[in-house]
Amino acid sequence: MKNLTIAVDGPAGSGKSTISKKIARELDIIYIDTGAMYRALTLKLLKNNINIHDKKELYKILQSTSIDFRNNHIFLDGKNVDEEIRDNQISTNVSDVAKIKEVREKLVEIQRDIARNKSVIMDGRDIGSFVLPNANYKFYITASIEERGYRRYKELKGKGYNVNLDAIIEEIRERDRIDSTREFSPLVKCADAIEIDTTDKTIEEVVVHILEIVNRGGK
Ligand code: CDP
């Protein structure tokens with residue numbers, strides 16, 4: 001059977017990863033969270049005090065870093081970093097790392113490698129436009145900035161973090177700005193992507209909607 005590829009893009013906190021994870025389970029295909037890869041690399045750069053503007057230093061660290069998924073868990077140099085990459089310090093720095101051309105080249109290569117000869121649902125910012133331009137289905141998942149901020153606020157609160165809603169909305173706004181204005185593969189809605197606004201929808205409703213589209217073979 002031919003491989004099924006589903007590309008899911010959208011701004012921060014739109015619900016992409018929760019939705020993609022559920023769809024992967026329903027369709028029994030692999031889920032790849034590309035944002036987690038950019039976060040893992042950011043973690044390594046911060047831990048090693050790397051100056052991201054020093055190309056030589058950055059290149060050296062890119063060469064000696066391994067990022068991969070094992071059973072839906074993200075591994076940085078062989079160590080599970082699922083929790084560490086969600087830290088707020090990573091969120092505030094990740095977009096500046098993700099705009100670097102060399103960083104994108106390295107991670108996109110890994111992403112395409114994972115997707116080769118496999119059925120996958122991959123989420124990120126440039127999946128439909130750049131990583132998997134021939135994906136069978138492309139979705140653009142969005143929601144109002146207030147709703148996206150509130151969702152992230154609830155999530156972090158639930159994990160016991162002491163967070164401020166306005167500060168989170170500002171962080172998301174800034175990340176969206178950097179992600180959509182960067183030079184290399186910015187966040188865009190592809191012309192052939194189906195847009196879903198999740199502001200007033202539950203995760204379940206969106207999952208059902210996407211599954212309907214995929215199961216009937218198109219719009
Ligand atoms: O989960 P959340 O919406 O907060 O973001 P994420 O998917 O974990 O992605 C974190 C950051 O990685 C984004 O804000 C982008 O700067 C970057 N990213 C990217 O540039 N390209 C991707 N394909 C995925 C993420």
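Mentor: Gladly! Helices here are DSSP runs (H or I, at least four residues), strands are runs of E with at least two residues, and both are numbered from the N terminus. This is a predicted model, in which local features need pLDDT of at least 70 and side-chain atom pairs count only at pLDDT 80 or more, while totals for chains, interfaces and linings use all residues. Residues are numbered from 1 along each chain as its sequence is written, and side-chain values use heavy atoms, with hydrogens and water left out.

Trainee: What makes Tyr 150 and Tyr 153 about one helical turn apart?

Mentor: They are three residues apart in helix 7 (residues 145-158), and that spacing gives about one helical turn.

Trainee: How many aromatic pairs does a search of the whole structure find?

Mentor: That search finds one aromatic pair. The ring centres of Tyr 150 and Tyr 153 are 6.2 Å apart and their planes are at 25 degrees, so the pair is stacked. The rule is that rings of Phe, Tyr and Trp (its six-membered ring) pair if their centres lie within 6.5 Å; planes under 30 degrees apart are stacked, over 60 edge-to-face, and the rest tilted.

Trainee: Is Tyr 150 buried, exposed or partly exposed?

Mentor: Buried means under 20% relative accessible area, exposed means over 50%, and partly exposed is in between (1.4 Å probe, protein chains only). Tyr 150 has 38%, so it is partly exposed.

Trainee: What makes Arg 70 count as sitting over the ring of Phe 75?

Mentor: For Arg, CZ must be within 6 Å of the ring centre and within 35 degrees of the ring normal; for Lys, the atom is NZ. The charged end of Arg 70 is 4.2 Å from the centre of the Phe 75 ring. Likewise, Arg 112 lies over the face of Phe 130, at 4.8 Å from the ring centre.

Trainee: How do you know that Arg 39 has no salt bridge?

Mentor: A salt bridge needs a side-chain nitrogen of Lys or Arg within 4 Å of a carboxyl oxygen of Asp or Glu. For Arg 39, which is buried, the nearest side chain of opposite charge is Glu 171, 6.0 Å away. Lys and Arg count as positive, Asp and Glu as negative, and His and the chain ends are not counted. Arg 39 lies in helix 2 (residues 34-47). Leaving aside neighbours within four places in sequence, its contacts (heavy atoms within 4.5 Å) include Ile 85, Arg 86, Ile 90 and Arg 175.

Trainee: Which salt bridges can we set against that cut-off?

Mentor: The structure holds 21 salt bridges. Glu 204 and Lys 22 meet in one of them, at 3.6 Å, N to O. Glu 204 lies in helix 9 (residues 203-216) and Lys 22 in helix 1 (residues 16-27), so this pair ties together parts that are 182 residues apart in sequence. Glu 204, at 43% relative accessibility, is partly exposed, and so is Lys 22, at 28%.

Trainee: Where do Arg 86 and Asp 33 lie?

Mentor: Their side chains meet in a salt bridge at 3.3 Å, N to O. This pair links distant parts of the chain, 53 residues apart: Arg 86 is in the loop between strand 5 (79-80) and helix 4, and Asp 33 is in strand 2 (residues 30-33). Arg 86 has a relative accessible area of 26% and is partly exposed, whereas Asp 33, at 13%, is buried.

Trainee: What about Arg 173 and Glu 170?

Mentor: They form a salt bridge at 3.2 Å, N to O. Both are in helix 8, three residues apart, or about one helical turn.

Trainee: Why is Ala 193 called buried?

Mentor: Its relative accessibility is 8%, which is under 20%, so the label is buried. Ala 193 is in the loop between helix 8 (165-181) and strand 8 (194-197).

Trainee: What makes a set of residues a nonpolar core?

Mentor: The members are buried Ala, Val, Leu, Ile, Met, Phe, Trp, Tyr and Cys residues joined through side-chain atoms within 4.5 Å. The largest such core has 35 residues, and Leu 45, Ile 67, Ile 74, Val 103 and Leu 132 have the most contacts inside it. Helix 2 gives this core its largest share, seven residues.
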